[in-house]
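Me: I'd like to learn how to read a model like this one, feature by feature. Can we go through it together?

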Amino acid sequence: MTTALVTGASAGLGAEFARQLAAQGHDLVLVARSRERLDALAAELAQRHGVAVEVLAADLTVRPDVDAVASRVADAERPVDLLVNNAGLGQGVDFVANDLDAELAALDVMVRAVMILSHAAAGSMAARGRGRILNVSSVATWLGNGTYSAHKAWVTSFTEGLAGQLRGTGATATAVLPGLTRTEFHARAGIGAYDGLRVAWLRADAVVRAALRASERGRVLVTPSVRYGVVAWLARTAPRWLTRSLSRGKH
């Protein structure tokens, strides 16, 4: 039996990762701030799929909490076979107008925690000769949408470098770069500018299915859906001045 650890598991893509992994028969370690929501999801998955589900309530803006999760990831006696760095947040506010503490919290969750947990996972997985790291990035990597784009660009670049360093060890690193996806993420961030564009939105189950399939195959980068693949290609190949002019600048 293999074990997957998912951050940001209480809602959105994280909860969908947990559901699909449980359906595949993986035991789970669910990480998020809300123990109540994690407990409810754990009970649902254990009952429905008969898997073991461990709950680890942690705030990834708090270093001792991150270190506790990292210790669980690196535990040789209870190995984590798949780490899903999914936790993230958007704020829908220009960097200049936003509170600096809120910006630093976003950096902690989407950059620092990803680095710390990936370091813990990569070391233990390479030593065992197997394991997978799956980082949730975004097509915003290729855009200029404020600090959210900057954080996700870091995740994408970091994953590419890590994948190269893990080559030949039996461990792999994958980044999934979805576009707009129907979850609680955008509602929480107050981002609703694209609500009328039905074609722009992806389903969470499809995004997770594509991400897991890419990770299983050892792919380094995957952009779910043809339309966002085209968006990513255009953003990467267009002159940067044009990409910047079309970006909203918010996150």
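Me: Let's start with charged pairs. Which residue forms a salt bridge with Arg72?

Reply: First, keep in mind that this is a predicted model. For a salt bridge, you look for a side-chain nitrogen of Lys or Arg within 4 Å of a carboxyl oxygen of Asp or Glu. Here the partner of Arg72 is Glu54, with the closest N and O atoms 3.1 Å apart. The pair links distant parts of the chain: Arg72 sits in helix H3 (residues 63-74) and Glu54 in strand S3, 18 residues apart.

Me: Are those two residues buried or exposed?

Reply: The cut-off for buried is under 20% relative accessible area, and exposed means over 50%. Arg72 has 8% relative accessibility, so it counts as buried. Glu54, at 25%, counts as partly exposed.

Me: Which other residue does Glu54 form a salt bridge with?

Reply: That would be Arg78, where the closest N and O atoms are 3.7 Å apart. Glu54 lies in strand S3 and Arg78 in the loop between H3 and S4, so this pair ties together parts that are 24 residues apart in sequence. Arg78 counts as partly exposed, at 42% relative accessibility.

Me: How many salt bridges does the structure hold?

Reply: There are 10. One of them joins the side chains of Glu44 and Arg19, at 3.0 Å from N to O. Glu44 belongs to helix H2 and Arg19 to helix H1, and this pair too links distant parts of the chain, 25 residues apart. Both ends are partly exposed: Glu44 has a relative accessible area of 23%, and Arg19 one of 32%.

Me: Which residues of H2 are buried?

Reply: Look at Leu38, Leu41, Ala42 and Leu45. They cover an arc of only 105 degrees around the axis, which puts them on the same side of H2. Turn to the other side and you'll find Glu36, Ala40, Gln47 and Arg48 exposed.

Me: What do the buried residues of H2 pack against?

Reply: Helix H1 (12-23), strand S2 (27-32) and strand S3 (53-57). S3 is also where Glu54 sits.

Me: And what follows H2?

Reply: Gly50, with a positive phi near 70 degrees.

Me: Now the surface. Which residues make a nonpolar patch?

Reply: Phe95, Val96, Leu100, Leu104 and Leu107 make one of about 500 Å². Val96 is in the loop between strand S4 (82-85) and helix H4 (100-128). It counts as exposed because its relative accessibility is 79%.

Me: Stepping back, how many helices and strands are there in the protein chain?

Reply: 9 helices and 7 strands. Of the 251 residues in the chain, buried ones make up 48%. The accessible surface comes to about 11,600 Å², and 55% of that belongs to carbon and sulfur atoms. As for contacts between residues at least 6 apart in sequence, 71% join residues at least 24 apart.

How values were computed
Residues numbered from 1 in each chain as written. Predicted model: local features only at pLDDT ≥ 70, side-chain atom pairs only at ≥ 80, totals over all residues. Heavy atoms only, no water. Buried < 20%, exposed > 50% of the residue type's maximum accessible area, 1.4 Å probe, protein only. Helix = DSSP H or I, 4+ residues; strand = E, 2+ residues; numbered from the N terminus. Arc of directions from axis to C-beta. Contact = heavy atoms within 4.5 Å. Patch = residues over 30% accessible without salt bridge, like charges linked within 9 Å, V, L, I, M, F, W, Y side chains within 5 Å. Areas by Shrake-Rupley, 256 points an atom, 1.4 Å probe, with all protein chains shown as cover.
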